[in-house]
Each structure stands twice: as C-alpha cells, then as structure tokens.
Amino acid sequence: MKLYDFPWGPYPLRISIYLAEKGLSDVEVLKLEPPLDKKDWPPPFLKALTPAGSLPIVVDDDGTVIGQSLAILEYLEETKPGPDMLGATPRMRARTREMVAVFDEAIAFFGLWSRHGSDLNEGIIKKSHDAAAIGAERYGQKLRIAERMTGDSPFLTGDEVTIADCVAMATLQFTRQFYGVPIPADCPRLAAWYERFSKRASAPAPKFPEDQLALAYGLPEQTGITI
Ligand SMILES: N[C@@H](CCC(=O)N[C@@H](CS)C(=O)NCC(=O)O)C(=O)O
C-alpha cells in the first residue's frame with residue numbers, strides 16, 4: 001500500500017496519527033509538498049489518481065485508490081489488523097463518527113478564516129475580513145459542540161483511542177501549533193484532552209516550515225478576531 005502524504009497538512013496528519021496509533025508500518029509513505037500558491041498543483045500524476053488530486057491519497061496493492069482522508073481511515077479500519085479504532089458497537093461507532101464529523105466541519109470553517117485572513121496567503125488569496133469572521137465564528141462553534149460531546153473519559157469518545165482522536169488531534173495541531181489559535185477558554189475538557197494526547201508518541205509536533213510558520217502564527221492578532 002502507498003500513501004501520498006503532505007506531512008504537516010491537516011488532512012494527511014489524520015492518517016499519520018492513525019497509522020502510529022494502529023501500529024501499521026507496512027505502508028509506503030511518499031512525501032509531497034503542495035506549493036503555497038498552488039501554482040501547477042496538483043501535478044498530472046496526482047490528478048490522474050483522483051478527481052481532486054488533494055492529499056492524502058492511498059493506493060492499495062490491488063489498485064484501489066482512495067482520495068478522501070475520512071474514507072482512507074475507514075478503509076484502513078476495514079482492511080488492516082490492529083486495535084479497533086472505530087468502536088465495538090453500533091452506538092460506539094456512531095459516537096466516533098459524530099465526533100469526526102464535528103472536527104471535519106471545524107477544519108473546513110477554519111480554512112475560511114485562515115485562507116481569507118492570514119498573512120500567509122497575502123497576494124495569493126483575496127483577504128476578506130467578513131469571510132474570515134464567519135469562518136472563525138463557525139470554527140469556535142464547532143469546538144464548543146465538541147466540548148459538549150466530550151466526557152471525562154481518557155479519549156474523546158470513551159476509554160479507547162479512535163479515529164475521532166486522530167482527526168481532532170490533526171485539526172488542533174494545525175490550528176494551534178501552525179496558526180497560533182488557542183482552544184477557547186470555555187472548552188476545558190477539550191483542552192485537557194489535547195494536553196494528554198499531545199504526549200502520545202503518535203502525535204509529535206509537526207515540523208512546519210519555518211518561513212511559513214513565521215507568517216501563519218498569530219492568526220487571531222492578524223485578523224483581530226478571537227473565538
Ligand atoms: N476533503 C479532503 C481534503 C484534502 C485537502 O484539502 N488536502 C490538502 C492538503 S492538507 C491539499 O491537498 N491541498 C492542495 C489541493 O487541494 O490542491 C480530505 O479529507 O482528504
């Protein structure tokens with residue numbers, strides 16, 4: 001199995017955290033880096049693999065190609081050995097998928113804030129305070145929903161690590177560590193979970209490129225928007 005990876009991107013990070021938690025090492029990882037301005041990206045070989053050409057992409061040995069991170073996670077759950085990371089019962093699987101959906105929505109709204117507000121995209125994407133503010137408000141709302149869904153268990157949806165933890169961690173690593181957006185003060189359970197999960201071997205701090213980090217870090221200050 002091959003994984004086309006972009007090691008510090010929020011969607012590929014979901015997969016790398018998952019692979020480490022699942023203990024899977026028989027995946028060939030091919031590292032790629034989309035340019036900031038997305039000029040000439042995706043390259044023809046990626047566009048030939050999936051309609052979007054976005055990362056991550058998995059190509060299995062039988063030729064199966066999967067180009068959406070959540071579908072990749074579920075595919076790996078169904079095809080690979082290792083600990084169950086979806087949930088043992090329909091109810092537990094539903095809890096996992098609910099939490100995954102909330103963080104998937106969260107990162108999409110965050111993208112509106114960062115794309116239209118960050119100094120990183122200066123001259124590449126049109127700045128819009130209104131678009132950034134809508135994205136930020138909705139991102140904060142999704143984190144507060146996740147907070148209300150989180151109990152006092154060690155992991156987000158219970159006593160075992162699931163793909164929900166992987167998706168949430170990837171999201172918060174990117175928003176906190178790259179863009180410098182703190183978890184809101186009224187999300188203490190989420191913040192405590194993040195601190196705990198950050199110490200796991202599966203979730204080392206991503207290596208963001210220094211020049212891009214310098215421009216990205218401090219999104220709330222750059223946009224005058226807090227959540
Ligand atoms: N919904 C997709 C989103 C993937 C995505 O947007 N990946 C980014 C990297 S983190 C990317 O490839 N961007 C370049 C592009 O879309 O051309 C997924 O979950 O896999």
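T150 is buried, with a relative accessible area of 5%; buried stands for under 20% relative accessible area, exposed for over 50%, and partly exposed for the range in between, using a 1.4 Å probe and the protein chains only. The model is predicted, so local features need pLDDT of at least 70 and side-chain atom pairs count only at pLDDT 80 or more, while totals for chains, interfaces and linings use all residues. Residues are numbered from 1 along each chain as its sequence is written, and side-chain values use heavy atoms, with hydrogens and water left out.

**Surroundings of T150**

- T150 is placed in the loop between α5 and α6; helices (H or I, at least four residues) and strands (E, at least two) are DSSP runs, numbered from the N terminus.
- Leaving aside residues up to four places away in sequence, T150 touches M99, L156, R189 and L190, where contact requires heavy atoms within 4.5 Å.

**The largest nonpolar core**

- The largest nonpolar core contains 65 residues, and F103 and L190 have the most contacts inside it.
- Such a core is a set of buried Ala, Val, Leu, Ile, Met, Phe, Trp, Tyr and Cys residues joined through side-chain atoms within 4.5 Å.
- Two or more residues of this core come from each of β1 (2–5), α1 (10–22), β3 (57–59), α3 (69–79), α4 (90–117), α5 (129–149), α6 (163–178) and α7 (188–198).
- The element that gives the most to this core is α6, with ten residues.
- Because domain 1 (2–79) and domain 2 (90–223) both give residues to this core, it lies between them; the domain bounds come from an automatic or database domain assignment.
- F103 touches R14, L143, A146, L156, V167, A168, T171, L172 and L190, again not counting residues up to four places away in sequence.

**Helix α3**

- Within α3, the buried residues are S69, I72, L73, Y75, L76 and E77.
- The cover over these buried residues of α3 includes α1, β3, β4 (65–66) and α6.
- An α-helix has 3.6 residues a turn, so residues three or four places apart point the same way.

**The ligand and its neighbours**

- The ligand is surrounded by 14 residues, of which the closest are Y11, S54, L55, Q68 and S69; a residue is near a molecule if one of its heavy atoms lies within 4 Å of it.
- A nitrogen atom of the ligand lies 2.8 Å from a backbone N or O atom of L55.
- A polar side-chain atom of Q68 is 2.7 Å from a nitrogen atom of the ligand.
- In the side chain of S69, an N or O atom is 2.7 Å from an oxygen atom of the ligand.
- On its own the ligand has 500 Å² of accessible area, and the protein covers 78% of this area; accessible areas come from the Shrake-Rupley method with a 1.4 Å probe.

**Backbone features in the loops**

- W41 and P42 are joined by a cis peptide bond, with omega about 0°, and P42 is in the loop between β2 (28–31) and α2 (44–47).
- Another cis peptide bond runs from L55 to P56, with omega near 10°; P56 is in the loop between α2 and β3.
- K38 is not a glycine but has a positive phi of about 55°; K38 is in the loop between β2 and α2 and is partly exposed, with a relative accessible area of 48%.
- D40 is not a glycine either, and has a positive phi of about 55°; D40 is found in the loop between β2 and α2 and is exposed, with a relative accessible area of 68%.

Note on methods. A polar contact is a pair of N or O atoms within 3.5 Å; within protein, one must be able to donate a hydrogen and the other to accept it, and residues adjacent in sequence count only if both atoms are side-chain atoms.
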